[in-house]
Structures are given as C-alpha cells and as structure tokens.
Amino acid sequence: MTSITVDERGTSLTDVAELRRQVEEVVNQTPVMDVHTHLFSPEFGELNLFGIDQLLNYHYLIAETFRSSKVTPERFWEMNKAQQADLIWKTLFVDNTPVSEAARGIVTVLSTLGLDPCAPDLSEARAFFRSQKISSHIDRVLQTSRVSEVVMTNDPFDEQEERVWESGQRLDPRFHSSLRIDPLLNGWDDAAPKLAARGYRVDANLTGASAAEARRFLDKCIARIAPMYMAVSLPDSFNYPAADVRDRLIREVILPTAKEHKLAFTLMVGVRRSVNPALRSAGDGVGYADITALERICAENPEVRFLATYLSRENQHELCVVARKFNNLMPFGCWWFLNNPSIVTEITRERFEMLGTSFIPQHSDARILEQLIYKWRHARAVIGQVLCEAYEQLIAGGRAVTREEIVRDVTRLFSGNFKQWIGDPGER
Ligand code: RAT
Ligand code: ZN
C-alpha cells in the first residue's frame, strides 16, 4: 500500500515501490550535460562520426574482436572501414552473443532506432543510416538520450579542426569545446617544433621565453575556441611535483593560464598508452596511479578548480577521500574500462556514501553520435538504482525524501555540479 505523508518539504515518499517509480522517472527524464565526449558538432564535417560502420569500428569493440576472431591486427588494419565493420559484426554479434558492455551497447542503439539487433549482416542498418538527414538525426539522438549539451575534445594542433575554428562559423550551440592539452604535456618534444613553426619562440628545454610563449599560444586557443575547461590525460606514473618538463609546463604555463582565464583544469589519470601497439587505437591499458600527486596539486592551487577522473578501479576510493579534503576538486565519470554496470554501481555507491551529491556521476566519452543512446541509457539505469538504495536507507533511518528533492538531487548530479564548476562563461 502506498503511504504518503505531507509535511513542509512536500510529499514524502515512504513507500518503496512508489519511491522506485519516481526515482526512475526523474532519472530518465532529467536532461544531462555530457561533460566529456569525443563528438563533434556537424560543422566539423567528417569529424562528426555516426552510423553503423563507425559504431562497430569503436576501439572497445575492435579489442574484443581480436579475442574471438583469428584475424591478425596486420590483416585487420589493411581492411577498409566497411570490411572491418562486417568482421566485427560477424564475430561479436552473429558467431557470438553480444554480452559485453560495448557489444550490448550496439544492441541498445539498434533496438532504440527500430533496427534488428539479430540481423545476419549490416545491410538494413546501413540503409537506415544512409537515409538520415544529419541535422534531424542529431536532434533525434540527443532527444532520445536526453542529452541537452555535450563537451567536445578539441586538439589545438588538429588542422581539420583549425579550419572550422578559423572559418568563424557559428557552431551548433548544444556542442561546447574543451581544450585538450595532451600534445603539450605528454609530448613537449614534438609540440615545441610545431609551436616554433607557428612563430612561437619555444625550445625543447623550455628555456628563455618558452613558457611565456606557450602561454601566448594557449591564450590564442582560448580566445578562438572558448573552451569550458582545459584537459589532459596522464599516465599512471604521473607525479607532482616531478623533475620533468611536464611539471614545469603545469606550473609555469597551465596553472597560470587556468587562473587568468578562470578555467577549470581536468585531469584524467591512469592510462598506459600503447601497451599493445599492434592494436593501435585499441591498444591502451590501465595502471594504478599515485593519488598524492592530485592532493598536492589541489593543495598548492586552492584558487584553481580541478575536475578529475582515474582509470584504475583501485584509485576510486582514494579519489573520494581527496575530494573530501579539497573542495576545489570535482570527481567525475567512470572512465573507459570502468564504464561497466558492475563497476559503475560500486563507484557510484562509494561516491554517494562519501560525497553526498557533490560529484559528477558519469560522462559518456562517446566518439560516435549514437553511442549517446546506449551510454546514457545504461548509466541512468545504474545511477537510478544506486540513488534509490541511498534513499531507501534514509527512509529506514526515518527520513523520507520528496519528489522535489529527487529532482533537485538528479539535476545537481546531471548538470548542476558541472555548470557551477565551470562558472559563468561571461565572467571569465
Ligand atoms: O575512452 C576512450 O575512448 C579513450 O580512448 C580515450 O579517448 C579517453 O577517453 C581519452 O579522452 O583520452
Ligand atoms: Zn575521452
């Protein structure tokens, strides 16, 4: 029986079945701001990836294909996109049952779009995507996944991107930029000559005017793309302080730029690039990182806002502890190899228990448009379930929640925390 009591906070939900229904509804309906993706707005032309061939050629699925097919990486990379997609489909969806998270994602996407996830080949799906008009297709995908806005990942050295920024055309306002600084922080030896070729007086040892010139480059990028934050992915060996050029770049270039422009600095830590180079984009691995680096960077820079995500499951509890110590740190997402329901459940529980609602539970990391459909459908199911458990424990303790409070909490998790973190662009 539903027992509802009315008090000053509104209608308290004390019946568990009704609570579950309401939480599910709110979690499914609340628009989400996707804080880290690799999507591009339609103005970026062929960088805007969509459709079945791209969906199947996702590096998560490519890695899985090598486990269940006899194809060698050499042979695989010789194939064209359509041949690769055909092989991935046959291997993971026809010859095997698509139970992995990334494979189940394709099933969710196809079913949602009215396509047959049991099809023997890709002809139906290809015909469907060929017939779509990109603008209405983007609308449909964003609406279906209830994603109001996405943040792109923008490489300041990418010439294709540069042409679009230089053209000055107005971008689809649902797509925001972020400035990815991996090329500077993880490859200064390669970045320095590129900057020099563009007229910046920098050298490989970061001497003389190098730091000031690197800042001038970032100032120009920021003026051009108006990013929501600066971001870097870092190896498990990341340390701070460290006796390397990255440390100097962070101190002399990145942090001063973050302060001057009031831009948050996003750290994505724990990736071991190219552990199997033959797999190319599918060849990266994970490592446990020393979280004291994050503690120190947050402690030394109280006026800078940091967003952080760690790739190793073993770093997750520590990340919550650091966030409890430093309120200039916002943990976000269950990144990459962690984005599986079992692990998302565990991490989200841990975060609610240690941080209340002061974190960003998930980002999609989508590379292909329609991935938004499955990544957010699957994420919402887990977040809703875990949130419900937290409310049920509150009820058991004598404190029921109201519908208004559920809406407030979910809005904070899905967009409020991020918006508050990045601040008002007008004030930057
Ligand atoms: O999750 C991914 O797709 C990875 O390949 C990476 O792109 C990672 O998310 C990153 O931003 O470096
Ligand atoms: Zn990413």
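Student: How many helices and strands are there in the chain?
Tutor: In this predicted model, the chain has 18 helices and 13 strands. Its radius of gyration is 23 Å, close to the 22 Å that the globule rule gives for 428 residues, so the chain is as compact as a globular protein of that length.

Student: And what box do the C-alpha atoms fill?
Tutor: Taken along the principal axes, the box that the C-alpha atoms of the chain fill is roughly 75 × 55 × 40 Å.

Student: OK, on to the ligand. Where does ligand 1 sit?
Tutor: Ligand 1 sits in the largest pocket, where the residues that surround the ligand are His36, His38, His59, Tyr60, Arg180, Met268, Arg273, Trp335, Trp336, Asp365 and Arg367.

Student: How does that shell divide into nonpolar, polar and charged?
Tutor: The shell around ligand 1 has four nonpolar residues, three polar ones and four charged ones.

Student: Which oxygen distances to side chains can you give me, say for Arg180?
Tutor: For Arg180, an N or O atom of the side chain is 2.7 Å from an oxygen atom of ligand 1. With Arg273, the distance from a side-chain N or O atom to an oxygen atom of the ligand is 2.9 Å, and a polar side-chain atom of Tyr60 also lies 2.9 Å from an oxygen atom of ligand 1.

Student: How much of the accessible area of ligand 1 does the protein cover?
Tutor: On its own, ligand 1 has 300 Å² of accessible area, and the protein covers 97% of that.

Student: Switching to the backbone, which peptide bond is cis?
Tutor: The bond from Tyr240 to Pro241 is cis, its omega being near 0°, and Pro241 is found in the loop that runs between β7 (229-234) and α13 (245-261).

Student: What about phi of Lys262?
Tutor: Lys262 has a phi near 50°, which is a positive value in a residue other than glycine, and Lys262 is located in the loop between α13 and β8 (264-269).

Terms used
Residues are numbered from 1 along each chain as its sequence is written. Chains are lettered from A and ligands numbered from 1 in the order in which they are written. This is a predicted model: local features need pLDDT of at least 70, side-chain atom pairs count only at pLDDT 80 or more; totals for chains, interfaces and linings use all residues. Side-chain values use heavy atoms; hydrogens and water are left out. A residue is near a molecule or strand if one of its heavy atoms lies within 4 Å of it. A polar contact is a pair of N or O atoms within 3.5 Å; within protein, one must be able to donate a hydrogen and the other to accept it, and residues adjacent in sequence count only if both atoms are side-chain atoms. Accessible areas come from the Shrake-Rupley method with a 1.4 Å probe; for residues, only the protein chains shown count as cover. On a 1 Å grid over the protein atoms alone, a cavity is a set of points where a 1.4 Å probe fits but cannot get out, and a pocket is an open set with protein on both sides within 12 Å along at least five of seven lines; lining residues have an atom within 4 Å of a point. A molecule sits in a cavity or pocket if more than half of its atoms lie within 2 Å of its grid points. Ala, Val, Leu, Ile, Met, Phe, Trp, Tyr, Cys and Pro count as nonpolar, Asp, Glu, Lys and Arg as charged, and the others, Gly among them, as polar. Helices (H or I, at least four residues) and strands (E, at least two) are DSSP runs, numbered from the N terminus. The radius of gyration is taken over C-alpha atoms; the globule rule is 2.2 Å times the number of residues to the power 0.38.
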